[in-house]
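These entries record what I looked up in one protein structure. I began with the strands and then turned to individual side chains.

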Amino acid sequence: MKARQPVRFSRPRTWMYAGVLGAVALVMLGAFLLRDTATLTVLRDRAPLYVRLSDGALRNAYTLKLANRRRGEAALALALDAPQGFRLVVQDSETDAAGRPLLALRPDGVTQWRALVTAPAGLRLAESTPVRFRLLDAEGRTVLSERSVFLGPK
(Lines give C-alpha, C1' and ligand atoms only; values in the text may rest on other atoms or scores of the structure.)
Protein backbone atom coordinates (compact mmCIF):
# COMPACT_ATOMS: atom_id res chain seq x y z
CA MET A 1 0.00 0.00 0.00
CA LYS A 2 1.25 3.42 -0.93
CA ALA A 3 1.61 6.12 1.66
CA ARG A 4 -0.52 9.18 1.05
CA GLN A 5 1.30 12.34 0.25
CA PRO A 6 0.42 15.42 2.34
CA VAL A 7 -1.71 18.04 0.63
CA ARG A 8 0.36 21.02 -0.46
CA PHE A 9 -1.03 24.52 -0.85
CA SER A 10 1.53 25.77 -3.27
CA ARG A 11 -0.69 26.13 -6.28
CA PRO A 12 -0.34 29.66 -7.67
CA ARG A 13 -3.93 29.89 -8.87
CA THR A 14 -5.27 29.11 -5.39
CA TRP A 15 -3.15 31.86 -3.87
CA MET A 16 -4.25 34.29 -6.58
CA TYR A 17 -7.95 33.60 -5.92
CA ALA A 18 -7.43 33.96 -2.17
CA GLY A 19 -5.64 37.28 -2.70
CA VAL A 20 -8.39 38.66 -4.96
CA LEU A 21 -11.10 37.55 -2.52
CA GLY A 22 -9.20 39.16 0.39
CA ALA A 23 -8.75 42.43 -1.54
CA VAL A 24 -12.47 42.59 -2.39
CA ALA A 25 -13.36 41.93 1.25
CA LEU A 26 -11.03 44.75 2.41
CA VAL A 27 -12.50 47.21 -0.12
CA MET A 28 -16.05 46.37 0.98
CA LEU A 29 -15.14 46.71 4.66
CA GLY A 30 -13.48 50.08 4.01
CA ALA A 31 -16.50 51.35 2.07
CA PHE A 32 -18.81 50.29 4.90
CA LEU A 33 -16.70 51.93 7.61
CA LEU A 34 -16.12 55.18 5.69
CA ARG A 35 -19.66 55.80 4.44
CA ASP A 36 -21.46 59.01 5.33
CA THR A 37 -23.78 58.76 8.30
CA ALA A 38 -26.20 61.29 6.80
CA THR A 39 -26.74 63.01 3.46
CA LEU A 40 -28.71 66.06 2.36
CA THR A 41 -30.15 66.46 -1.13
CA VAL A 42 -31.83 69.70 -2.23
CA LEU A 43 -34.21 69.48 -5.21
CA ARG A 44 -35.57 72.76 -6.54
CA ASP A 45 -39.12 72.61 -7.91
CA ARG A 46 -38.96 72.92 -11.66
CA ALA A 47 -42.53 73.98 -12.38
CA PRO A 48 -43.22 76.77 -11.75
CA LEU A 49 -39.69 78.17 -11.53
CA TYR A 50 -40.86 80.84 -9.09
CA VAL A 51 -44.11 82.25 -7.75
CA ARG A 52 -44.86 85.96 -7.40
CA LEU A 53 -46.87 86.50 -4.21
CA SER A 54 -49.62 89.09 -3.79
CA ASP A 55 -47.26 91.51 -2.01
CA GLY A 56 -44.73 91.30 -4.89
CA ALA A 57 -42.30 88.93 -3.16
CA LEU A 58 -40.82 85.96 -5.05
CA ARG A 59 -40.94 82.41 -3.71
CA ASN A 60 -39.05 79.27 -4.73
CA ALA A 61 -39.93 75.81 -3.42
CA TYR A 62 -37.45 73.03 -2.64
CA THR A 63 -37.68 69.40 -1.56
CA LEU A 64 -35.10 68.46 1.06
CA LYS A 65 -34.25 64.77 1.33
CA LEU A 66 -32.39 63.71 4.45
CA ALA A 67 -30.92 60.21 4.56
CA ASN A 68 -29.91 59.02 8.03
CA ARG A 69 -27.81 55.84 8.13
CA ARG A 70 -27.61 55.66 11.91
CA ARG A 71 -29.93 53.64 14.09
CA GLY A 72 -30.85 56.63 16.27
CA GLU A 73 -33.06 59.62 15.60
CA ALA A 74 -31.58 63.06 15.21
CA ALA A 75 -32.92 66.61 15.03
CA LEU A 76 -30.89 69.19 13.13
CA ALA A 77 -31.52 72.89 12.61
CA LEU A 78 -31.70 74.19 9.03
CA ALA A 79 -29.96 77.46 8.14
CA LEU A 80 -30.09 79.30 4.82
CA ASP A 81 -27.11 81.22 3.46
CA ALA A 82 -28.64 83.72 1.06
CA PRO A 83 -28.73 87.49 0.42
CA GLN A 84 -30.10 89.71 3.18
CA GLY A 85 -33.87 89.61 3.50
CA PHE A 86 -34.49 86.06 2.29
CA ARG A 87 -36.85 84.04 4.51
CA LEU A 88 -36.91 80.28 4.96
CA VAL A 89 -40.00 78.32 5.99
CA VAL A 90 -40.15 74.53 6.23
CA GLN A 91 -43.63 73.09 6.21
CA ASP A 92 -44.68 70.94 9.20
CA SER A 93 -41.53 71.61 11.21
CA GLU A 94 -40.91 73.11 14.62
CA THR A 95 -38.37 75.87 15.22
CA ASP A 96 -35.47 76.16 17.66
CA ALA A 97 -34.75 79.10 19.99
CA ALA A 98 -33.07 81.02 17.14
CA GLY A 99 -36.12 80.61 14.89
CA ARG A 100 -34.49 78.05 12.59
CA PRO A 101 -36.55 75.07 11.42
CA LEU A 102 -35.77 71.79 13.21
CA LEU A 103 -35.70 68.77 10.91
CA ALA A 104 -36.07 65.32 12.42
CA LEU A 105 -34.16 62.45 10.81
CA ARG A 106 -35.74 59.02 10.94
CA PRO A 107 -33.43 56.26 12.11
CA ASP A 108 -31.97 54.31 9.19
CA GLY A 109 -34.26 55.96 6.63
CA VAL A 110 -35.00 58.90 4.36
CA THR A 111 -37.09 61.89 5.41
CA GLN A 112 -38.50 64.52 3.03
CA TRP A 113 -39.25 68.12 3.88
CA ARG A 114 -40.74 70.93 1.78
CA ALA A 115 -38.89 74.23 2.12
CA LEU A 116 -40.09 77.61 0.85
CA VAL A 117 -37.60 80.43 0.32
CA THR A 118 -39.03 83.91 -0.14
CA ALA A 119 -37.24 87.02 -1.40
CA PRO A 120 -38.86 90.30 -0.32
CA ALA A 121 -40.58 92.58 -2.82
CA GLY A 122 -38.38 95.23 -4.37
CA LEU A 123 -35.13 93.32 -3.86
CA ARG A 124 -33.03 93.46 -7.03
CA LEU A 125 -32.03 89.92 -7.89
CA ALA A 126 -30.18 88.26 -10.71
CA GLU A 127 -32.00 85.64 -12.73
CA SER A 128 -30.19 82.99 -10.68
CA THR A 129 -29.00 83.71 -7.13
CA PRO A 130 -26.87 81.09 -5.31
CA VAL A 131 -28.16 79.87 -1.94
CA ARG A 132 -26.85 77.26 0.47
CA PHE A 133 -28.78 75.06 2.88
CA ARG A 134 -26.85 74.02 6.02
CA LEU A 135 -27.86 71.51 8.68
CA LEU A 136 -26.55 72.42 12.13
CA ASP A 137 -26.12 70.26 15.21
CA ALA A 138 -27.04 71.33 18.75
CA GLU A 139 -23.76 73.26 19.13
CA GLY A 140 -24.30 75.20 15.89
CA ARG A 141 -21.66 73.35 13.86
CA THR A 142 -22.41 72.61 10.20
CA VAL A 143 -23.05 68.89 9.77
CA LEU A 144 -24.26 68.87 6.15
CA SER A 145 -24.35 71.49 3.43
CA GLU A 146 -25.84 71.63 -0.06
CA ARG A 147 -25.91 74.40 -2.66
CA SER A 148 -28.78 75.39 -4.93
CA VAL A 149 -30.07 78.48 -6.73
CA PHE A 150 -32.97 80.89 -6.25
CA LEU A 151 -34.56 81.70 -9.61
CA GLY A 152 -36.35 84.91 -10.49
CA PRO A 153 -37.64 86.71 -13.57
CA LYS A 154 -35.35 87.73 -16.42
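**Entry 1: the sheet**

I first examined strand β4 (residues 74–81) and strand β9 (residues 128–136), which run antiparallel and are joined by five bridges. The model is a predicted one. I noted nine bridges between β9 and β10, which run antiparallel.

I next asked in what order the five strands of the open sheet lie. I read the order as β6-β7-β4-β9-β10, with antiparallel pairing. β6 (94–95) and β10 (142–151) are at the edges; each has a single partner strand, so one side of each lacks a neighbour in the sheet. For β6, I found two bridges to strand β7 (residues 101–105), and these two strands run antiparallel. Thr-95 has Pro-101 in β7 as its bridge partner.

I also inspected the hairpin of β9 and β10, where five residues lie between the strands. Gly-140 in this hairpin takes a positive phi near 90 degrees.

**Entry 2: Thr-118**

I looked up Thr-118, which lies in strand β8 (residues 109–119). Is Thr-118 buried or exposed? Its relative accessible area is 3%, and under 20% counts as buried, so I recorded Thr-118 as buried. The side chain of Thr-118 is joined to that of Arg-59 by a polar contact of 3.2 Å. Leaving aside neighbours within four places in sequence, I listed the residues in contact with Thr-118: Leu-53, Ala-57, Leu-58, Arg-59, Gly-85, Phe-86 and Arg-87.

Val-20 is partly exposed, with a relative accessible area of 48%.

**Entry 3: salt bridges**

Side chains of opposite charge can pair when their charged atoms come close. How many salt bridges does the count give? I recorded seven.

I looked at Asp-108 and Arg-71, whose side chains meet in a salt bridge with an N to O distance of 3.2 Å. This pair links distant parts of the chain, 37 residues apart: Asp-108 is in the loop between β7 and β8, and Arg-71 is in the loop between β3 (58–68) and β4. Asp-108 is partly exposed at 47% relative accessible area, whereas Arg-71 is exposed at 74%.

I next took Asp-81, which forms a salt bridge with Arg-134; their closest N and O atoms are 2.9 Å apart. Here too distant parts of the chain are linked, with Asp-81 in strand β4 and Arg-134 in strand β9, 53 residues apart. I noted Asp-81 as partly exposed, with a relative accessible area of 27%, and Arg-134 as buried, with 17%. Salt bridges that share partners join Asp-81, Arg-132 and Arg-134 into one network.

Lastly, I looked up Arg-141 and Glu-139, whose side chains meet in a salt bridge (3.1 Å, N to O). I recorded both Arg-141 and Glu-139 as exposed.

Technical notes. Residues are numbered from 1 along each chain as its sequence is written. This is a predicted model: local features need pLDDT of at least 70, side-chain atom pairs count only at pLDDT 80 or more; totals for chains, interfaces and linings use all residues. Side-chain values use heavy atoms; hydrogens and water are left out. Two strands pair if DSSP finds at least two bridges between them. Helices (H or I, at least four residues) and strands (E, at least two) are DSSP runs, numbered from the N terminus. Buried means under 20% relative accessible area, exposed over 50%, partly exposed in between (1.4 Å probe, protein chains only). A polar contact is a pair of N or O atoms within 3.5 Å; within protein, one must be able to donate a hydrogen and the other to accept it, and residues adjacent in sequence count only if both atoms are side-chain atoms. Contact means heavy atoms within 4.5 Å. A salt bridge is a side-chain nitrogen of Lys or Arg within 4 Å of a carboxyl oxygen of Asp or Glu.
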